[in-house]
Amino acid sequence: MDDIYCFGGNPLDRASERRNDREWIAALLGDPETRILALRDLKPFTRGTAAPALDWQPVTQWRDQIDAGAQLIFLGLGDGRAHFAIDATGANVAPDVDTELVDVRALAPTIATGEAAILAEARSLLDWHARHRFCAQCGSPTKVVSAGWVRRCPDCRASHFPRTDPVVIMLAIHGDRALLGRNRRRAGARFSCLEEAVRREVREEAGIRCGRVRYLAAQPWPFPSSLMIGFLAEALTEEITVDPEELAEARWFRRDEIREMAARAAAGSDDPAQVSLPSPIAIAHHICRRWSSGLDSV
Ligand SMILES: [Zn+2]
């Protein structure tokens with residue numbers, strides 16, 4: 001499974017070996033070629049209403065905010081220039097700079113894969129900074145170092161790094177059928193792969209025992225900082241016992257049914273009367289689509 005899914009495939013070179021070099025970072029911030037992506041309340045500034053694109057702006061427009069200590073992150077090098085993200089939450093910005101804000105989930109499927117991946121990185125890191133201002137060890141306010149990639153405690157010297165939460169997501173297969181569960185928190189008739197630690201989760205959520213488990217692919221999921229890790233699992237039993245805390249319902253679906261559900265979800269159909277799958281922004285969609293099309297087996 002070599003495809004790249006939404007939020008994966010970041011084209012930037014993070015140049016991590018150089019981001020502690022404050023003079024180099026300062027020089028990049030003085031370079032007229034450098035571009036900056038502003039986010040407010042974790043939504044990026046965009047340009048164009050019919051087909052919004054990320055609004056990469058010259059650094060000069062953000063000089064005051066940078067000097068005032070706005071949260072700034074070095075995203076990396078690409079197309080011969082440096083790219084930064086800045087947190088514009090609460091910032092007073094000139095009206096011609098202050099372009100339209102679009103929610104990341106809504107924007108991601110409409111922009112290029114590489115741009116969505118850069119946006120995921122920016123959103124996830126800015127959110128991490130907003131939620132990790134104090135040292136987890138001693139409670140002191142921490143300082144940002146390494147061009148936005150580390151927070152350091154001036155009192156106990158602890159370094160704190162951006163976190164990533166791994167989430168396993170799997171499709172349990174029994175012959176020509178697959179098990180899909182419908183989340184309690186999600187209304188309507190949308191079925192998804194069951195999440196969390198493959199065999200244990202399938203057992204806990206649906207009462208199905210699994211044997212072989214095969215890793216398929218991973219996808220960054222910046223809400224706020226997950227890494228979805230997709231699997232196929234071979235179901236050894238068929239009788240479903242749903243955990244009512246987690247799932248409203250779980251059912252076996254035939255391969256051709258799942259193929260149709262994937263096609264409906266890809267077409268954007270959201271008819272609550274018909275069973276469907278998550279949209280193609282989610283790796284769950286592709287796990288189901290690929291298995292139902294015969295592209296993967298456990
Ligand atoms: Zn500390």
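This is a short chat about reading a few features of a predicted model.

Trainee: Let's start with the metal. Which residues are the protein donors of the zinc ion?

Mentor: To find donors, look for the protein atoms sitting around the metal. Here they are the SG atoms of C135, C138, C153 and C156, lying 2.2 to 2.4 Å from the zinc ion. Along the sequence, these donor residues follow the spacing C-x2-C-x14-C-x2-C. C135 sits in the loop between α4 and β8, while C153 sits in the loop between β9 and β10, so this pair ties together parts that are 18 residues apart in sequence.

Trainee: And what arrangement do the 4 donor atoms make?

Mentor: Check the angles: four donors count as tetrahedral if all angles lie between 85 and 135 degrees. Around this zinc ion the angles run from 101 to 118°, so the arrangement is tetrahedral.

Trainee: Are C135 and C153 buried or exposed?

Mentor: Buried means under 20% relative accessible area. Both C135 and C153 are buried.

Trainee: In what order do the 3 strands of the open sheet come?

Mentor: Follow the pairing from strand to strand. The order is β8-β9-β10, with antiparallel pairing. β8 and β10 are the edge strands, since each pairs on one side only. Between β9 and β10 there are 2 bridges, and R151 has H160 in β10 as its bridge partner.

Trainee: Now the backbone. Where does D79 lie, the residue with a positive phi?

Mentor: D79 is in the loop between β5 and β6. Its phi is near 55°, and D79 isn't a glycine. With a relative accessible area of 79%, D79 is exposed.

Definitions and conventions: Residues numbered from 1 in each chain as written. Predicted model: local features only at pLDDT ≥ 70, side-chain atom pairs only at ≥ 80, totals over all residues. Heavy atoms only, no water. Donors = N, O, S within 2.8 Å, 3.2 Å for Na, K, Ca; no water. Tetrahedral: all angles 85-135°; square planar, octahedral: opposite > 155°, others 65-115°. Helix = DSSP H or I, 4+ residues; strand = E, 2+ residues; numbered from the N terminus. Buried < 20%, exposed > 50% of the residue type's maximum accessible area, 1.4 Å probe, protein only. Pairing = 2+ DSSP bridges.
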